[in-house]
Amino acid sequence: MKITVLAGGLSPERDVSLSSASKIARALIEKGHEVCIIDLYFGIKNIDDLVFTSVLSDIKEFSVSEKAPEFNREKLGGADIGPNVIEACKKGDIVFLALHGDVGENGKIQALLSLNGIRYTGSDQDGCLLSMDKNLSKLLAAAHGVRTAKWCVNVKDPSVNFPCVVKPIGGGSSIGVSVVNDFSELNTALNLAKKYDNDVLIEEKLDGREFSVGILSGRALPVIEIKPLSGFYDYKNKYQAGFTQEICPANIPVYVANQMQELALKLHGILHLKFYSRIDFIMNGKNEIYFLEANSLPGMTPTSLLPQEAAASGISYGELCDMIAQNALLKEKSTAPPPKDNVSLV
């Protein structure tokens with residue numbers, strides 16, 4: 001197949017996306033595909049310059065720095081979607097979405113690709129929207145009887161006790177997240193979170209062990225436990241090797257692992273997610289499992305959780321990428337009337 005790997009963009013998770021894209025592209029080449037990597041924001045100035053390669057050395061490796069990049073949208077200017085991105089996507093058989101956060105995970109790029117009749121990996125726009133919005137996903141989880149920590153939006157409710165976790169409603173990779181112990185710390189945390197989103201989730205902090213469960217092709221992968229060596233599972237601990245201990249399969253009773261996997265599959269369905277996703281949980285001392293959040297485009301970096309879970313079930317990184325790509329090829333193209341010109345939503 002000819003595969004356009006879409007990455008980058010103006011998201012604060014840009015570096016994570018580029019790291020995922022580099023590793024994905026190399027794995028796809030090793031599986032016999034031709035690839036090109038397109039940056040969502042910068043695009044490609046001349047579509048005639050687009051080249052699909054099957055040469056590994058054409059794909060440079062990209063590592064994630066300790067701090068997330070910051071972009072001044074007003075200073076940079078331009079649209080969120082760069083020149084000729086849709087044309088580049090049309091040149092391939094499918095688009096492999098290596099995007100994280102922002103337009104890449106909130107359903108906008110999925111809707112845009114669908115409207116242009118382009119096949120792409122992962123969930124559709126509805127699943128991405130529901131999982132990216134932490135308030136919506138928690139509302140849906142709670143409505144279906146799934147435990148989740150008490151929360152409120154933008155203004156702290158008395159029912160949400162300290163300590164609490166303050167986070168952007170539509171963010172990922174723990175960017176803009178703070179643990180708040182009292183009112184004296186709250187405003188600083190709110191201001192930080194609002195740098196990344198207009199709306200902020202204030203969630204009661206639960207004490208316990210953190211886990212994640214990947215979903216792949218209708219089944220739950222082995223449970224992985226996440227144990228940062230210090231602090232919480234923040235951006236640095238997620239993407240810098242050696243800062244977090246990841247144990248897969250997790251050292252928990254079989255019945256607990258089964259329950260967590262069943263909950264992950266349930267939430268995958270509730271949130272309209274497709275083919276693959278990752279669901280995060282925390283478990284207290286009573287072995288009660290609480291839903292934290294869902295990921296429609298799980299990270300694929302060297303330290304990411306989904307590839308580790310796949311490996312524990314006997315699926316190599318290359319096989320995982322190939323499975324995701326092959327599934328996209330099976331998608332039907334949009335039945336909407338073809339647009340006269342390329343449709344732009346952002």
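Predicted model: local features only at pLDDT ≥ 70, side-chain atom pairs only at ≥ 80, totals over all residues.
Residues are numbered from 1 along each chain as its sequence is written, and side-chain values use heavy atoms, with hydrogens and water left out.

View 1. Helices (H or I, at least four residues) and strands (E, at least two) are DSSP runs, numbered from the N terminus. Two strands pair if DSSP finds at least two bridges between them. Strand 10 (residues 224-228) is antiparallel to strand 8 (residues 209-216), with three bridges. Phenylalanine 211 has glutamate 225 in strand 10 as its bridge partner. Strand 10 also runs antiparallel to strand 11 (residues 244-247), to which four bridges join it.

**View 2. The salt bridge between glutamate 203 and lysine 138.** A salt bridge is a side-chain nitrogen of Lys or Arg within 4 Å of a carboxyl oxygen of Asp or Glu. By this rule the structure has nine salt bridges. In one of them, the side chains of glutamate 203 and lysine 138 meet at 2.7 Å, N to O. Because glutamate 203 lies in strand 7 (residues 200-204) and lysine 138 in helix 6 (residues 134-143), the pair ties together parts that are 65 residues apart in sequence. Both glutamate 203 and lysine 138 are buried. Buried means under 20% relative accessible area, exposed over 50%, and partly exposed in between (1.4 Å probe, protein chains only).

**View 3. The side chains of lysine 167 and glutamate 293 form a salt bridge of 4.0 Å, N to O. Lysine 167 is in strand 5 (residues 164-168) and glutamate 293 in strand 13, so the pair links distant parts of the chain, 126 residues apart. Lysine 167 and glutamate 293 are buried. The salt bridge between arginine 147 and glutamate 288.** The side chains of arginine 147 and glutamate 288 meet at 4.0 Å, N to O, in a salt bridge. Arginine 147 lies in the loop between helix 6 and strand 4 (151-153), and glutamate 288 in the loop between strand 12 (276-283) and strand 13 (289-295), so the pair ties together parts that are 141 residues apart in sequence. Arginine 147 is partly exposed, because its relative accessible area is 39%. Glutamate 288 also counts as partly exposed, at 23% relative accessibility.

**View 4. A nonpolar surface patch of three leucines.** Leu129, Leu136 and Leu139 form a nonpolar patch on the surface, with about 240 Å² of accessible area together. Patches are made of residues with over 30% relative accessible area and no salt bridge; like charges are joined within 9 Å, and nonpolar side chains (Val, Leu, Ile, Met, Phe, Trp, Tyr) within 5 Å. Accessible areas come from the Shrake-Rupley method with a 1.4 Å probe, and for residues only the protein chains shown count as cover. Leucine 129 is in helix 5 (residues 125-132). Leucine 129 is partly exposed, at 43% relative accessibility.

View 5. The structure holds two cavities of 30 Å³ or more. On a 1 Å grid over the protein atoms alone, a cavity is a set of points where a 1.4 Å probe fits but cannot get out, and lining residues have an atom within 4 Å of a point. Grid points are joined across faces, edges and corners, and a volume is the space filled by probe spheres set on the points. The second largest cavity has about 70 Å³ of space. Its lining includes Gly8, Gly9, Leu10, Ser11, Leu40 and Asp80, and also Leu99, His100, Gly101, Asp102, Val103 and Gly104.

View 6. The peptide bond from phenylalanine 162 to proline 163 is cis, with omega near -10°. Proline 163 lies in the loop between strand 4 and strand 5. Cysteine 248 and proline 249 are also joined by a cis peptide bond, with omega about -5°. Proline 249 is in the loop between strand 11 and helix 9 (254-270).

View 7. Asparagine 84, a residue other than glycine, has a positive phi near 65°. Asparagine 84 lies in the loop between helix 2 (73-76) and helix 3 (85-91), and counts as partly exposed at 21% relative accessibility. Serine 217 has a positive phi near 50° and is likewise a residue other than glycine. Serine 217 is found in the loop between strand 8 and strand 9 (219-220). With a relative accessible area of 45%, serine 217 is partly exposed.

Note on methods. 1 Å grid on protein atoms, 1.4 Å probe; cavity = no way out; pocket = protein on both sides within 12 Å on 5 of 7 lines; lining within 4 Å.
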